[in-house]
Amino acid sequence: MRKVDRAKYDEKRQHILEAAERCFQRDGFRGASIGDICAAARMSPGHLYHYFESKEAIIEAIFESRLEREAAIVGELTQTPNADLIAAICGWLDGRMKDVRAHGTSLGLEMRAESARNPAIAKIASRVDRGVRELLSRLIREGQERGQVDPALDPDSVAAVVHSIIFGLNRLGAIRDSKFDVKAASAMLKLLMERFLEPQRRMSSRSTSSSGEPKKTVK
């Protein structure tokens, strides 16, 4: 039996994933065929099936790879004592908006659209969403332990809300609304997260007017 060169195998596998992702971004999950992916990867279907048995297996590998990279980043942040975790969370969310800015669509949205009619994709989407929420929750919890994030917040609930927000913004960008400015939305999301996550501070503006005089209570 011929011994498999693991390094070459992994390199070829990654080459297929990159080619497939370009096809999915261009034509969508349903629009991109195995033939299209083979053409982009410059290999025969028989050769491709040696690495992946289906389009579902390819899309699963793409998102597993993304989660692994994000988990590595989260792991590094939690091991860095001076890391600004709110800034890290904002940077992560901005990175998730870059897909829309670059392509006018989101592979994540494509997968979720397909999940409505494809049980295999639905399972993958559910697992990916859960993984993203767990990583966000981990960052938020670590931020609370460092005094950077409001300790009154529930990390799991915050992660679910933040995940829903970024999903909604990606959807707006993907439908190509001419009035939707993705870059401006990213900046607003950053401001929203900073104000939402920061520990509650004693803000004199809440108890005084802009002139510095105490606000009058309306009876």
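A residue counts as buried under 20% relative accessible area, as exposed over 50%, and as partly exposed in between (1.4 Å probe, protein chains only). By that rule Cys23 is buried, because its relative accessible area is 1%. The model is predicted: local features need pLDDT of at least 70, side-chain atom pairs count only at pLDDT 80 or more, and totals for chains, interfaces and linings use all residues. Residues are numbered from 1 along each chain as its sequence is written, and side-chain values use heavy atoms, with hydrogens and water left out.

**Cys23 and helix α1**

- Cys23 sits in helix α1; helices here are DSSP runs (H or I, at least four residues), numbered from the N terminus.
- Beyond its neighbours within four places in sequence, Cys23 is in contact (heavy atoms within 4.5 Å) with Gly28, Ala32, Asp36, Ile37 and Ala40.
- Cys23 and Ala39 lie 16 residues apart in sequence, and their C-alpha atoms are 9.8 Å apart.

**Helix α2**

- Ile34, Ile37, Cys38 and Ala41 are the buried residues of α2.
- These residues are on the same side of α2, because they cover an arc of only 100° around the axis; the arc is that of the directions from the helix axis to the C-beta atoms.
- An α-helix has 3.6 residues a turn, so residues three or four places apart point the same way.
- The buried residues of α2 pack against α1, α3 (45-48) and α4.

**Nonpolar core**

- A nonpolar core is a set of buried Ala, Val, Leu, Ile, Met, Phe, Trp, Tyr and Cys residues joined through side-chain atoms within 4.5 Å.
- The largest such core has 54 residues, and Phe24, Ile58, Ile59 and Ile62 have the most contacts inside it.
- Elements giving two or more residues to this core include α1 (6-31), α4 (55-78), α5 (85-103) and α8 (155-174).
- Ile59 is in contact with Phe24, Phe29, Leu107, Met111, Ile121 and Ile124, leaving aside neighbours within four places in sequence.

**Helix α7**

- Helix α7 (residues 119-145) has 27 residues and should span 39 Å at 1.5 Å a residue, which agrees with its end C-alpha atoms being 39 Å apart; the expected span is 1.5 Å times one less than the number of residues.
- Asn118 caps the N-terminal end of α7, with a side-chain oxygen 3.1 Å from the backbone nitrogen of Ala120.
- Gln144, in helix α7, is buried, with a relative accessible area of 18%.
- Apart from neighbours within four places in sequence, Gln144 is in contact with Val149, Asp150, Pro151, Leu153 and Pro155.

Terms used
A polar contact is a pair of N or O atoms within 3.5 Å; within protein, one must be able to donate a hydrogen and the other to accept it, and residues adjacent in sequence count only if both atoms are side-chain atoms.
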